[in-house]
Each structure stands twice: as C-alpha cells, then as structure tokens.
Amino acid sequence: MSLAEEKAVKLPPPAMDAPATAQAARETAVFAGGCFWGVQAVFQHTNGVLNAVSGYAGGDKSTASYNMIGSGRTGHAESVLVTYDPKVVSYGKLLQIYFSVAHDPTTLNRQGPDSGTQYRSAIFYKDATQKQVAEKYIAQLDAAKVYPDKIVTQLTPLGGTIAFYPAEAYHQDYATLNPNQPYIARFDRPKIANLKLVMPEVYRDKPMLVSQAGR
C-alpha cells in the first residue's frame, strides 16, 4: 500500500541479524536514503531509537556543509546517524525499516524529486557484522524479488577519512517542526504514516527529537 508520493514495501525480516550483546546499552548505524529530513523522521518514530541525527557521510570534513554537498561533487551523502538500544530494536530491524519505508533502494542517485550523488542509497557500516548483515539482507531481498528492480544501495565502511558529520542545527527535527511545509507534507509525512501502517510493532507516535535526546 502507498500513501501520497511515498511507497512502502512490506518486507520479510532479515534471515541474519546482529546479536544484542549483554554489554551494549546502545549501538549506532548510519543510513543514507535521499533527503535526510524524512529518513530522520522515520527513525525518530521507531521504538528503541535513542537519537537520530541528520548529517553527511562519505566525504571530507572540510566539505561537510549543506551549501557544499549540494554540488554533488564532495562525495557526501545526506545521512542519518541512528543511536539505538539493541535490546529493544535490532540492527536487522532498522535495515528492514530503512528498505521498507524510509526510501526506495532501487533508484540510483535519486529519491523522489531529488537527484545527485548526495541523495544516493547507502549504508555506512561500522564493523564486519553490520556489513555482513546488510549484504545478506540485500541478497535476500533481491532473491525474493520484492522490488521490480535490483537494489542499488552502496555499502561503505566508516573509518579513516569516512566519518559522519552532523548537519546544521536548522536541519535537525525538520520534519516534526515543519509538518505543513509542502515538501514535508508530500514526501516525508507519508513515510511516517507508512511506518505505522506497515510495521506497527515498531512505531511510536511521539518522536525522539534531537532537541530532547539525552534528557
């Protein structure tokens, strides 16, 4: 079922998932899937997410600004750093949300009206486990032919010069603070509605905003 401009695909959970270690109270994951406003909002409405910060990944620190990444030549992708409680929501479940409702993983360097490498579909993995879980899930979804086209999501390691840089303050919590802005109403609010519709078991009505995280 789809709402307005955004489609959701009901997906099976990953056959392989990252284990929730007894020691870890929180974990992180970085996802890129078009404009970060909507991706951030989806994860802010996900149970177990402790914070979701919009930002940039894939390029140098010196070019990690909204004005510069808009050229599409800095290497950055608009991304979201998700901090989550692995005892409440797993990395695999976050991947399921990411592929199901947060974006379309089959469009190369494009999401909705936005085009350019800065809007690419990408997972920035922090370790071998995240890489393996993501690789196997992509292969699982492609084999099941859940989409009409092949998944084009890039897998990129974090580390060295590849890091996550938070976006400017005015980008944080943007979808919640500007619900009637035309872009948000057309492309991002439907993502949140689709999360509630397709994956009600993980949906929470009150988002965990950056301005509230840690309180």
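This is a predicted model: local features need pLDDT of at least 70, side-chain atom pairs count only at pLDDT 80 or more; totals for chains, interfaces and linings use all residues.
**Exercise 1. Overall fold**

Task: Work out which secondary-structure elements the chain has, and how its radius of gyration compares with the globule rule.

Solution: 
- Start with the elements: the chain holds six helices and ten strands.
- Next, take the radius of gyration, which is 16 Å, close to the 17 Å that the globule rule gives for 215 residues, so the chain is as compact as a globular protein of that length.

**Exercise 2. Burial and contacts**

Task: What share of the residues is buried, and what share of the contacts with a separation of 6 or more joins residues 24 or more positions apart?

Solution: 
- Of the 215 residues, 51% count as buried.
- For the contacts, the share is 81%.
- To finish with the surface, the accessible area is about 9800 Å², and carbon and sulfur atoms own 54% of it.

**Exercise 3. The largest nonpolar core**

Task: Find the residues that touch the most other members of the largest nonpolar core, and the element that gives the most to it.

Solution: 
- This core has 50 residues, and those with the most touching members are F31, F43, Y91, L95 and F99.
- Elements that each supply at least two residues include β3 (27–33), α1 (36–44) and α4 (128–144).
- The top contributor is α3, with eight residues.
- Now zoom in on F31: beyond four places away in sequence, its contacts include F43, V80, Y91, L95 and I123.
- Apart from this core lies another, of nine residues, among them A57 and I162.

Methods:
Residues are numbered from 1 along each chain as its sequence is written. Side-chain values use heavy atoms; hydrogens and water are left out. Helices (H or I, at least four residues) and strands (E, at least two) are DSSP runs, numbered from the N terminus. The radius of gyration is taken over C-alpha atoms; the globule rule is 2.2 Å times the number of residues to the power 0.38. Buried means under 20% relative accessible area, exposed over 50%, partly exposed in between (1.4 Å probe, protein chains only). Contact means heavy atoms within 4.5 Å. Accessible areas come from the Shrake-Rupley method with a 1.4 Å probe; for residues, only the protein chains shown count as cover. A nonpolar core is a set of buried Ala, Val, Leu, Ile, Met, Phe, Trp, Tyr and Cys residues joined through side-chain atoms within 4.5 Å.
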